4 protein chains.
Amino acid sequence: MIVILKENTPKEVQEQFIAQLKQYQLEVHRSQGVHTTLLGLVGDTSAVDVSKIESQSFVQEVKRIQEPYKKANRKFHPADTVVEVGEVPIGGDHFQVIAGPCSVETEKQVCQVAEQVKKAGAALLRGGAFKPRTSPYNFQGLGEQGLGFLVQAKKTAGLPIVTELMSEEDLPLFAPVDLIQIGARNMQNFRLLKAVGRQNKPVLLKRGLANTIEEFLMSAEYIMAEGNENVILCERGIRTFETKMRNTLDLAAVSLLKELTHLPVIVDPSHATGLPRLVEPMSLAAIAAGADGLMIEVHNNPEKALCDGPQSLRPEAFAAVMEKIQKTKAFFQTL
Amino acid sequence: MIVILKENTPKEVQEQFIAQLKQYQLEVHRSQGVHTTLLGLVGDTSAVDVSKIESQSFVQEVKRIQEPYKKANRKFHPADTVVEVGEVPIGGDHFQVIAGPCSVETEKQVCQVAEQVKKAGAALLRGGAFKPRTSPYNFQGLGEQGLGFLVQAKKTAGLPIVTELMSEEDLPLFAPVDLIQIGARNMQNFRLLKAVGRQNKPVLLKRGLANTIEEFLMSAEYIMAEGNENVILCERGIRTFETKMRNTLDLAAVSLLKELTHLPVIVDPSHATGLPRLVEPMSLAAIAAGADGLMIEVHNNPEKALCDGPQSLRPEAFAAVMEKIQKTKAFFQTL
Amino acid sequence: MIVILKENTPKEVQEQFIAQLKQYQLEVHRSQGVHTTLLGLVGDTSAVDVSKIESQSFVQEVKRIQEPYKKANRKFHPADTVVEVGEVPIGGDHFQVIAGPCSVETEKQVCQVAEQVKKAGAALLRGGAFKPRTSPYNFQGLGEQGLGFLVQAKKTAGLPIVTELMSEEDLPLFAPVDLIQIGARNMQNFRLLKAVGRQNKPVLLKRGLANTIEEFLMSAEYIMAEGNENVILCERGIRTFETKMRNTLDLAAVSLLKELTHLPVIVDPSHATGLPRLVEPMSLAAIAAGADGLMIEVHNNPEKALCDGPQSLRPEAFAAVMEKIQKTKAFFQTL
Amino acid sequence: MIVILKENTPKEVQEQFIAQLKQYQLEVHRSQGVHTTLLGLVGDTSAVDVSKIESQSFVQEVKRIQEPYKKANRKFHPADTVVEVGEVPIGGDHFQVIAGPCSVETEKQVCQVAEQVKKAGAALLRGGAFKPRTSPYNFQGLGEQGLGFLVQAKKTAGLPIVTELMSEEDLPLFAPVDLIQIGARNMQNFRLLKAVGRQNKPVLLKRGLANTIEEFLMSAEYIMAEGNENVILCERGIRTFETKMRNTLDLAAVSLLKELTHLPVIVDPSHATGLPRLVEPMSLAAIAAGADGLMIEVHNNPEKALCDGPQSLRPEAFAAVMEKIQKTKAFFQTL
């Protein structure tokens, strides 16, 4: 961390400030120019609150050099983390596809889709029981009942299940869930992050609509700092000025995340684009970008879907995409 | 709502779909062109799930005409809502300033700032006890203890207090709080919105960093739909590509919100810009834009602030700004 | 400028690099930490090409401290610049309103509007002859003929005129024009900037839709570096995710620009919002933010406008807004 | 196009308006609801100026259904366009890589890089002679001399050349150039678009930093409407809030563009990310997304580059990436 002091900061003030900084267990190197004094802070600055330093009247600017995340940082943990979901490993050499309906609607629907996606090669079943919706007047998910249907599908098809947690108070209901999803709108719901950090099921953390890569990693750090290091990151599109697609899928972020962190990174092309015909090219592009997995919406009857039908693939279309996904993954493994 | 059907949608399919739509208590008007068939849906479409309609294979596009919010909509409630916070009214003819430190740090600090902002003309005291921070390693607020200090300041200075709620489970602690703040990062934490909608203290809802005006109103609608209609909206800057300021303050949104909704709308220039020297011009501009109040950070010792010190005004600077705020408000009332 | 070197950069490489840097007439201060070596560059770094330094394999990061603009920088030119347009001064104590139709359509139309806006208090007449339109199939302006009508209106009403230049090759036609506008889409058309920098008419430079404040000032610097220091900046809204308004008006940028530069800064609320009913509040808010002027679209028959009719005010509505603008400006002058 | 009239628009006004609309050679279908009257406009609406219709006082809203571009529209031209650059075809079954230095610096440099990229498999040579730079104080390119060096390299290596045109007045110098590049900052420099539309060399049009996909296609339409239908589109990243990369590469836009238009679409991963280590994964991902080509910066000595050195690959790194590009392209051709 570099602290740039304002011109004419008195020597005594500088000395006093340096003494304070040393309390953080940091070495401080002073570089005195004609107009500018720079302080270089060396050591673990992740606990240093930049805003506290910026508050000093004699500080002109603070520049962070070291990343503020530690547990998620590949520098301190070079090997890929492999997260076990049920008995399915994700990360490292293990590429996996999560598929299923946006919302759980009936037991029959979810069981049927589960069988179909399993047959096509998906390793995990997704399905929403608690649904975050922009409007209070739209379908909010079947809740506990939906969770029950999902658990039934898990048994029938033998696939681990992933579903979204919207509130800490629902955690007791999530005992049979294998992977807890934190949705994009809750990426900085810090209390929820801490709550899932204090339990031991793996967590699928989706990137917020307007969150930077660093904020994304800091939210993973929240979970990890509480003790749960089984975090999977999911890029699902960010919000930009473009209106032809639901969001703008940021695939370069996937490649960059793979460099910055050891955690698995997956991609959700369904939510990112909102256009089912873009699911195939974006799935293949995500593999090329280095993704450890995909999360794809599949519905056996998108026209009757209670939510997000238009972005879902039908099972037969999904099976066709899966075939290309598998070939593409195999190709890149040998490239 | 207008539904545009794909070319060559068979008459029977159209008839069947129209019959389904009528179940929402809507009138349906069909307009048959050479290539396009339009269906105009007349009635209360706020409960219609656009994505369900878009899922139909024969639907090309759906365009909403009516706003999806009802309780927050000025069309159905033309008079300004006045929200009573403690005994302080906000909205309609009542313009108010909320001031205080970003974080509650000590009882002395918050009591002292409370006295000072009251003397300068602030009507409510703000102060954070539970703090949403990007890093788990930064100061997270004093929590329950901080809330106690704030309550002490409330007694000493005789100002109603506003503070942020980060989790429904803290609600019992909020009994002495007069106005519950929902932070920008929780604007679409729908479970938290429902929770504050089920209790009867007024709610200060901050706009999310990347949320549209319509999503902002839909989040207010979530609270109102649960029974609590005492919602104050707060514009606090949105996230853009600009890096010289913390956020981009959207004052045109204030004028537009005043037209779309009857709820009070206030502005937080401290968080919006992150630059204390912009607090004065942006406060005055907010009044010109029609804001019903302001929320300003004041710290008696910004250099020692445990959080967001750099954007705080000192009490004497705040007093000077308040004088201009009051004169400006008086000017615009007679313009 | 601070250059952060990678760990383990050999001493000789450092020495050689420092020698190179000194060729820019800079002092170089080295600060050696355990892991990091910082070089502080002191002097005029505006000519230093950051990307060249970043290209060195041993450089980790470069941080600019000094602003890269000089002629536009208030630090080196503390007094407000007053730009004379015809005989109308803008900047410093001189607040002015520019008004007129988006496009020049007929001689009668523009002369009539000119008389009306003059009567209401506008000091300059605007009108587009060459129109930048998204579609090649939409009305592109009357061109040279339109310029002729505008010149006629200038004579009739006795107002200096401002109109947009889209290509250097049209400059000879602009002899009777008093203020040359460079549109938002050409803010980084560097050849056009150089061309208007080489002639001596004042220039109205509009901020690009996605350009930062620093890029905006660098584009002014382009004009000034060629010798023409009569540049007026115009904030006209930036592009964000919000769709209810044409753009997001960034009024905090106005206050910040007034601090960073000595050049006059005006605001165009018509293009910024696209909603005529927001012109009044945003005009008054712009004055509060410190703007030196406003640019407002007025059309005597918006329904017949060949372009941008929906955002224009009728002359009588403009006169009502002008009255409030004048009172508001007078109020803030005494505040 | 659908026009929604305000409630209570008198029948006579409606009739008169419909008569006006029919002058555009459109059929007009009226749908009368209880509160709303809809007019459906059928026919070629690309020449209809939406803002003119919105200006009518009785019009509530206008919704376009048909795309406003015709010549670029795949609907009216289903087969892929193949653009011939020199003797190199791009588009359809022809995937090509364009490579070379950001700026032309010396004859030796560009000739050497040309040989190297040709050997590695590039089909075209890029190199900037006229450089758009944010700062007037940074290297602006060698201009005409640089063009000469590039032409020399073309002869030596036998590769067609592509370079950026910044002003119409330089067109005479571009006689030996094979593909004229219009840079991102000039994407809506409509006069320049018209100028390259009136000549017959193929044009490489880069997407603007904050331009939508529709605006991108409308800019291609500007060129095509003047008679030059040889346009290649280039996605090079858009501007968002993310700061870790230079821009956000929008690969979903590539897949969507391939659906909307018959024109070839290529990707520039060097400018999009600004990080040379992301060039490989983003090149492969672009192929997966359906790109017809890539544009990659290669410099034989990035540390000495006069511009954009940090994002360039060295020739040997480029050769390694090219091998993977070729294998990946071959794989996807058979998938």
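**View 1. The salt bridge between C:E215 and D:R239 in the predicted model.** In this predicted model, the side chains of C:E215 and D:R239 meet in a salt bridge, with 2.6 Å from N to O. The pair crosses between chains: C:E215 belongs to helix α6 (residues 213-225) of chain C, whereas D:R239 sits in the loop between β12 (231-235) and α7 (251-260) of chain D. Both C:E215 and D:R239 are buried. Another set of charged residues, A:R207, A:E235, A:D250 and D:E242, is joined into one network by salt bridges that share partners.

**View 2. The salt bridge between C:E169 and D:R191.** Chains C and D are also linked where C:E169 forms a salt bridge with D:R191, the closest N and O atoms being 3.3 Å apart. On the side of chain C, the partner C:E169 is found in the loop between β9 (161-164) and β10 (179-182), while D:R191 lies in helix α5 (residues 190-197) of chain D. With a relative accessible area of 16%, D:R191 is under the 20% cut-off and therefore counts as buried.

**View 3. The interface of chain B and chain A.** The size of an interface is often given as the accessible area lost when the parts come together. For chain B and chain A the buried area is about 4500 Å², and carbon and sulfur atoms give 46% of that area. Here 52 residues of chain B are in contact with 52 residues of chain A. The two chains are joined by eight salt bridges, one of which pairs A:R191 with B:E169, their closest N and O atoms being 3.3 Å apart. Three helices of chain B, α2 (50-54), α5 (190-197) and α6 (213-225), each supply at least two residues of the side that touches chain A, and α6(B) gives the most, with five residues. Sorted by class, this side of chain B has 19 nonpolar, 16 polar and 17 charged residues.

**View 4. The interface of chain A and chain C.** Between chain A and chain C the buried area is about 1600 Å², of which carbon and sulfur atoms give 73%. In chain A, the residues that lose the most area to chain C are A:K63, A:I65 and A:F241, which together account for 26% of what that side buries. In terms of contacts, 20 residues of chain A meet 20 residues of chain C. The strands β1 (2-5), β2 (27-32), β3 (37-42) and β4 (59-63) of chain A each supply at least two residues of the side that touches chain C, with β2(A) giving the most, four residues. By class, that side of chain A has seven nonpolar, nine polar and four charged residues.

**View 5. Strand β14 of chain B and its partners.** Strand β14 (residues 293-297) of chain B is mostly covered, five of its five residues being buried. Both faces of β14(B) are covered, with B:G293, B:M295 and B:E297 buried on one side and B:L294 and B:I296 buried on the other. Strand β7 (residues 96-100) of chain B runs parallel to β14(B) and is joined to it by five bridges, with B:G100 standing opposite B:E297. Strand β13 (residues 265-267) of chain B also runs parallel to β14(B), joined by two bridges, and B:I266 stands opposite B:G293.

**View 6. The salt bridge between B:E280 and B:K324.** Side chains of opposite charge can pair when their charged atoms come close. Within chain B, B:E280 forms a salt bridge with B:K324, the closest N and O atoms being 3.1 Å apart. Because B:E280 lies in helix α9 (residues 279-289) and B:K324 in helix α10 (residues 315-334) of chain B, the pair ties together parts that are 44 residues apart in sequence. B:E280 is partly exposed, with a relative accessible area of 26%, and B:K324 is likewise partly exposed at 26%. Over all chains, the structure holds 87 salt bridges.

**View 7. The surroundings of A:H94.** A:H94 is placed in the loop between β6 (88-90) and β7 (96-100) of chain A. At 33% relative accessibility, A:H94 counts as partly exposed. Leaving aside neighbours within four places in sequence, A:H94 is in contact with A:V82, A:P89 and A:D292. The C-alpha atoms of A:H94 and A:V82 are separated by 7.7 Å, although the two residues are 12 residues apart along the chain.

Technical notes:
Residues numbered from 1 in each chain as written. Chains lettered and ligands numbered in written order. Predicted model: local features only at pLDDT ≥ 70, side-chain atom pairs only at ≥ 80, totals over all residues. Heavy atoms only, no water. Contact = heavy atoms within 4.5 Å. Buried area = accessible area lost by both parts, 1.4 Å probe. Nonpolar A, V, L, I, M, F, W, Y, C, P; charged D, E, K, R; others polar. Buried < 20%, exposed > 50% of the residue type's maximum accessible area, 1.4 Å probe, protein only. Pairing = 2+ DSSP bridges. Salt bridge = Lys/Arg side-chain N within 4 Å of Asp/Glu carboxyl O.
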